[in-house]
Amino acid sequence: MRYEYISADNHLDTRWLPADLWQARLPSKMKAQGPRVVETPEGSQWEWEGKVRGPAAAGSSNEKMQKQYFPNIDLKPGDLPSSTPSIVLHHMDMASIYAGVFYGDTRKWAIQDAELKLEVYRAYNDHAMEMNAVNPDRIVVLPNLPTAFPDKCEAELDRLIKKGAKAVEFGVFDVGAPIYDTVWEPIWTKAEEAGVAICCHIGDKAGTPYPENRRGSLLAHFSIVPMVLAPHIAQFIFGGIVERHPKLNVSFAECRVGWVPFLISWMDRQVHERKPDPDVKLTMLPSEYIKRNVTFTFEEDAVGVELVKTDWGYIKDSAIWGADYPHEQGTWPNPKPVIDKMFAGADEKLKRAVLFDRAARIFSIEGGRS
């Protein structure tokens, strides 16, 4: 078949994970407190550290959740769609997507016991790499670096590189030290040397609940979600990370792109208007680093794509598309109408770069070209 796209933002949500993922992998002493699926009056739920945490499809709620999240899609009883490689590949084929990059949400989990948290990450990462091994060119599930523990990240990155990781998720909202801190230098160095992309997704600090849907608070929250990565984007640039590591790829996911040109132009302006930083010597403008090292994903962003089409809008070389599979706000299983409308009048080479070639380069994807 002809593949039109690579989707650089998809999701392996906790609800679709196998019930035994952690119970089968955690050390014996941690299993009692570790994640497990339990049955409650509200249906199947994930539980850890003695608290019910959220819905699980790996239980009695399976068919109900399939109908809720995958209406009109053929699934067998017990199927866990985004955690089953054969289903993932079939679902990508449905949308003419050759390859997908998948973000998990263990980074959102509030786990109080530090030792347990590290083992939970490790077990999830093993599951991610096992999924990738089924078809490494098409499935890129991102293992998570345990960024709350900077001193543990280097060893885990080493382990993941040996397993063949092409990219890792670097959770910026729970970092144990600021992104610009020198404690992270071994991570940037190893990732650059191994060609491993550093990926950061929108979100919030682990365990932070959504606001109550009253007096506009929930809608206001979701309205500003794309922009929450702005401080971290700026820190990657002004902290000199991509100055020191010119071959490092950094990808910011689901932040959309319509607002990004203003941020980039404003960052350039700081260089012109403020005194130089005594600790970090930059040899290029922020906009030049972003063009060389940074990408931003979007799924449906008409404003952003109009700016992508311009030579002056800063993001012509940095925008990459994602379907946001299987989330309802995304464009799966038929992205074509939305994409055709957004890219009307666009140069075909530019369109192909945004929808396929750029992600292929960043995530070392070889196939799918026709």
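This is a predicted model: local features need pLDDT of at least 70, side-chain atom pairs count only at pLDDT 80 or more; totals for chains, interfaces and linings use all residues.
The buried residues of H10 are Pro 286, Ser 287, Tyr 289, Ile 290 and Asn 293. Viewed down the helix axis, these buried residues fall within an arc of 160°, so they line one face of H10. An α-helix has 3.6 residues a turn, so residues three or four places apart point the same way. The cover over the buried residues of H10 includes helix H7 (230-238), helix H8 (241-244), helix H9, and the strands S10 and S11.

## Packing of H9 against H10

Helix H9 spans residues 260-273, and its axis comes within 8 Å of that of H10, crossing at roughly 135°. The two helices are therefore oblique to each other. From H9, the contact is made by Ile 264, Met 267, Asp 268 and Val 271; from H10, by Pro 286, Ser 287 and Ile 290. By class, the residues of this contact are 5 nonpolar, 1 polar and 1 charged.

## The open sheet

Strands S10 and S11 belong to an open sheet of 6 strands, ordered S7-S8-S9-S10-S11-S12 and paired in parallel. Strands S7 (144-145) and S12 (319-321) are at the edges with a single partner strand each, so one side of each has no neighbour in the sheet.

Leu 145 stands opposite Phe 170 of S8.

## The loop between S12 and H12

Most residues other than glycine have a negative phi, and most peptide bonds are trans. The loop between S12 and helix H12 (336-342) holds Pro 326, as well as Pro 333 and Asp 324. A cis peptide bond joins Tyr 325 to Pro 326, with omega about -5°. Another cis peptide bond links Trp 332 and Pro 333, with omega about 10°.

Asp 324 has a positive phi, near 65°, and is a residue other than glycine. With a relative accessible area of 0%, Asp 324 is buried.

Ser 364 lies in the segment after helix H13 (348-362). Its phi is also positive, near 55°. Ser 364 counts as partly exposed, at 34% relative accessibility.

Pro 209 is in the loop between strand S9 (197-201) and helix H6 (217-224). At 64% relative accessibility, Pro 209 counts as exposed. Its C-alpha atom is separated by 31 Å from that of Phe 238, which is 29 residues away along the chain.

Methods: Residues are numbered from 1 along each chain as its sequence is written. Side-chain values use heavy atoms; hydrogens and water are left out. Two strands pair if DSSP finds at least two bridges between them. Helices (H or I, at least four residues) and strands (E, at least two) are DSSP runs, numbered from the N terminus. Axes are lines fitted to C-alpha atoms, for helices over the stretch in contact, and angles run from 0 to 180 degrees between N-to-C directions. Angles under 35 degrees count as roughly parallel, over 145 as roughly antiparallel, 65 to 115 as roughly perpendicular and the rest as oblique. Contact means heavy atoms within 4.5 Å. Ala, Val, Leu, Ile, Met, Phe, Trp, Tyr, Cys and Pro count as nonpolar, Asp, Glu, Lys and Arg as charged, and the others, Gly among them, as polar. Buried means under 20% relative accessible area, exposed over 50%, partly exposed in between (1.4 Å probe, protein chains only). The arc is that of the directions from the helix axis to the C-beta atoms.
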